[in-house]
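Hello,

Here is the structure for you to look over. My notes follow below it.

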Amino acid sequence: MTRFIDLSVTTMDTPSEATPVKVDLLDHRAAAAVLGLRPEDFPGGMAISNETVTLTTHTGTHMDAPLHYGPESGGRPARSIDQVPLDWCHGPGVRLDLRHVPAGAGITEAHLTAALAAAGHDLAAGDLVLLWTGADALWGSADYLTDYPGLTGAGTAFLVERGVRVIGIDAWGLDRPMRSMVDDYRRTGDRAHLWPAHLYGRTREYLQLEKLANLADLPAPTGFAVSCFPVSLAGAGAGWTRVVAMV
């Protein structure tokens, strides 16, 4: 029997989001007038409701497409989220335990190699790699924006060059926290500190899943499939995604 595990956060207005989420409700009674009718024209005086939602494409659990990283990837026009190949969005999942990496630090190739050895897994083309930092425990607080490790550029290359097309993380972003990157850049003047995981996507295309959750509910590092089909937004660099593991 297949068990489904939701690996997504609930999209909502929360201190864990860098930008606000606004939901304007058209309730069941008020909706009748929008339809040119009266509430009493419907059973119980209630028509059908609607919501108008204002948010960014990077709000909640979402997928970043190559277009988010830059206009080109590998010398070709970067794909937008509606151009992402669907066969990249379903396949065998691999959870890598990186909970020991400190907040603000970079997840290196050495970290990934050790986590793969602990999982007893050799990467294969098409694996969907999920980085387990434990940062989703902070969801709902402002600390979620700042207290997590992030993938380095070399770590990203290590995964993508082995055929990984989708890399996910249970934190606000795949790179280190913005404050950590910017502080290091201002201290050293070295631009390599700024979004190295994202910018690697200008060299080789890959997809990011950010703001995952519940990786602790997976019973093992492997032995499950992941589906992560994004909403198809024409020309957008990202799209909201319901990520589900099937055990």
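Which residues does G201 touch, not counting residues up to four places away in sequence? They are Y69, E72, S73 and Y206. Please keep in mind that this is a predicted model.

More on G201. This residue lies in the loop between α6 and β12 (207–210). G201 is buried, because its relative accessible area is 0% and the cut-off is under 20%. A65 is 136 residues away from G201 in sequence. In space, the two are 9.0 Å apart, C-alpha to C-alpha.

Next, helix α4, residues 153–160. Seven of its eight residues are buried, so α4 is largely enclosed by the rest of the structure. The buried ones are G153, G155, T156, A157, F158, L159 and V160. What covers them? Strands and helices both contribute to the cover of the buried α4 residues. It includes the strands β8 (106–107), β9, β10 (150–151) and β11 (166–169). It also includes the helices α3 (109–119) and α6 (196–200).

Then the strands. β7 covers residues 90–97 and pairs with β13, residues 224–227. These two run antiparallel, joined by four bridges. Within that pairing, G93 has F224 of β13 as its bridge partner. β7 also pairs with β9, residues 128–132. Here the strands run parallel, and five bridges join them. L96 stands opposite L131 in β9.

Best wishes

Key:
Residues numbered from 1 in each chain as written. Predicted model: local features only at pLDDT ≥ 70, side-chain atom pairs only at ≥ 80, totals over all residues. Heavy atoms only, no water. Pairing = 2+ DSSP bridges. Buried < 20%, exposed > 50% of the residue type's maximum accessible area, 1.4 Å probe, protein only. Contact = heavy atoms within 4.5 Å.
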